[in-house]
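Here are my notes for when you next open this model.

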Amino acid sequence: MENIGEQVVCLIAYHLLFAMFVWSYWKTIFTLPMNPSKEFHLSYAEKELLEREPRGEAHQEVLRRAAKDLPIYTRTMSGAIRYCDRCQLIKPDRCHHCSVCDKCILKMDHHCPWVNNCVGFSNYKFFLLFLAYSLLYCVFIAATDLQYFIKFWTNGLPDTQAKFHIMFLFFAAAMFSVSLSSLFGYHCWLVSKNKSTLEAFRSPVFRHGTDKNGFSLGFGKNMLQVFGDEKRYWLLPIFSSLGDGCSFPTCLVNQDPEQPSTPAGLNSSSKNPENHQFPAKPLRESQSHLLTDSQSWTENSTSLGKGKAGMSNPALTMENET
């Protein structure tokens, strides 16, 4: 490049991409994975009781009593409570035990050897940005090096050792660009479906059965789950994901009928507590607003239906008043 303006632009773009790449990589590595909160750990009495009970229905009954107030919707393949023997806790939804870290990780995606860390709820956004900025960084290097790579084969470069450095740089950047693009594209698809890598290979199991789209709320709301609702933080490796990692809103199509999230469902469950082994627990504020539109639509439809019923029976209304 002989134009000074082009050189300045390339230098600024290079250092900006490099800084964002290093920042997101640093956050992915050194952000500690989040573990389940204390409410999911068994008490000392419950642990003793669990050790005395044999594996089977009695064992599950102890876990049911311990999990009666916890916001859990998923089960094992056999329909049992998801319990970790190593950590001695009831697993929250989307939580899995990492054999490398030897602990339960909230919304675990996978254990990444390239960052020597578990990728989960606390650093999944950082991992996505790390893939994005490393891909842009490699593409930028390959694009700016392309003209010199062409000159290498057309004998347009001086016959020095630097020409071999140019060839190696182009091949390295191009190969990393191809591999990173496939990995980044796959995780973008996972975000659009609100899935983790583990859930893509094995669909989560709810009370009503296996549902591969059980946590999908639609493309827009799925994006908000990872990147948050403040757009100014989307491109920065700053934590902005919604929720606490222990409970997640489920889709309304195949929702667990025994744990409704609508206000009407909560009222009905409080009237008949004996019909529910796991009473519904309201979602956290940062999660429940994702379903506000659907809930408000349901409430408006209910109120309109009641209004129409009252107008269609004026004689009954007059009789009650008299």
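1. A residue is called buried here when its relative accessible area is under 20%, and exposed when it is over 50%, with partly exposed in between. Please keep in mind throughout that this is a predicted model.

2. Let's start with helix α5, residues 162-193. Its 32 residues should span 46 Å at 1.5 Å a residue, and the end C-alpha atoms are 46 Å apart, so expectation and model agree.

3. Which residues of α5 are buried? They are Lys-163, Ile-166, Phe-170, Ala-172, Ala-173, Ser-177, Leu-180, His-187, Leu-190, Val-191 and Ser-192. In an α-helix there are 3.6 residues a turn, so residues three or four places apart point the same way. The cover over the buried residues of α5 includes β6 (110-112), α4 (124-153), α6 (197-201) and α7 (219-227).

4. Now the largest pocket, with a volume of about 520 Å³. Where does it lie? Its lining takes residues from both domain 1 (4-34 + 120-233) and domain 2 (38-112), so the pocket lies between them. There are 26 lining residues, and those nearest the centre are Arg-75, Thr-76, Met-77, Arg-82 and Lys-91.

5. On the make-up of that lining: α3 (57-66), β1 (74-75) and α6 each contribute at least two residues, and α3 has the largest share, with four. Sorted by class, the lining of the largest pocket holds ten nonpolar, seven polar and nine charged residues.

6. The second largest pocket has a volume of about 400 Å³. Of the 17 residues that line it, Phe-130, Leu-131, Ser-134, Phe-176 and Leu-180 lie nearest its centre.

7. How many charged residues does the lining of the second largest pocket have? There are no charged residues in it; the classes are 14 nonpolar and three polar. For the lining of the largest pocket, by contrast, the charged count is nine.

8. Two backbone angles may be worth a look. Gln-88, in the loop between β2 (83-84) and β3 (89-90), has a positive phi near 55 degrees although it is not glycine. Lys-107, in the loop between β5 (103-105) and β6, also has a positive phi, about 45 degrees, and is not a glycine either.

9. Lys-107 has a relative accessible area of 10%, so it is buried.

10. Finally, a word on His-111, which lies in strand β6. Its relative accessibility is 23%, so it counts as partly exposed. Setting aside residues up to four places away in sequence, His-111 touches Cys-98, Val-100, Cys-101, Asn-117 and Cys-118. Of these contacts, Val-100 is eleven residues from His-111 in sequence and 7.6 Å away in space, C-alpha to C-alpha.

Note on methods. Residues numbered from 1 in each chain as written. Predicted model: local features only at pLDDT ≥ 70, side-chain atom pairs only at ≥ 80, totals over all residues. Heavy atoms only, no water. Expected span 1.5 Å × (residues − 1). Buried < 20%, exposed > 50% of the residue type's maximum accessible area, 1.4 Å probe, protein only. Contact = heavy atoms within 4.5 Å. 1 Å grid on protein atoms, 1.4 Å probe; cavity = no way out; pocket = protein on both sides within 12 Å on 5 of 7 lines; lining within 4 Å. Points joined across faces, edges and corners; volume = space filled by probe spheres on them. Nonpolar A, V, L, I, M, F, W, Y, C, P; charged D, E, K, R; others polar. Domains from an automatic or database assignment.
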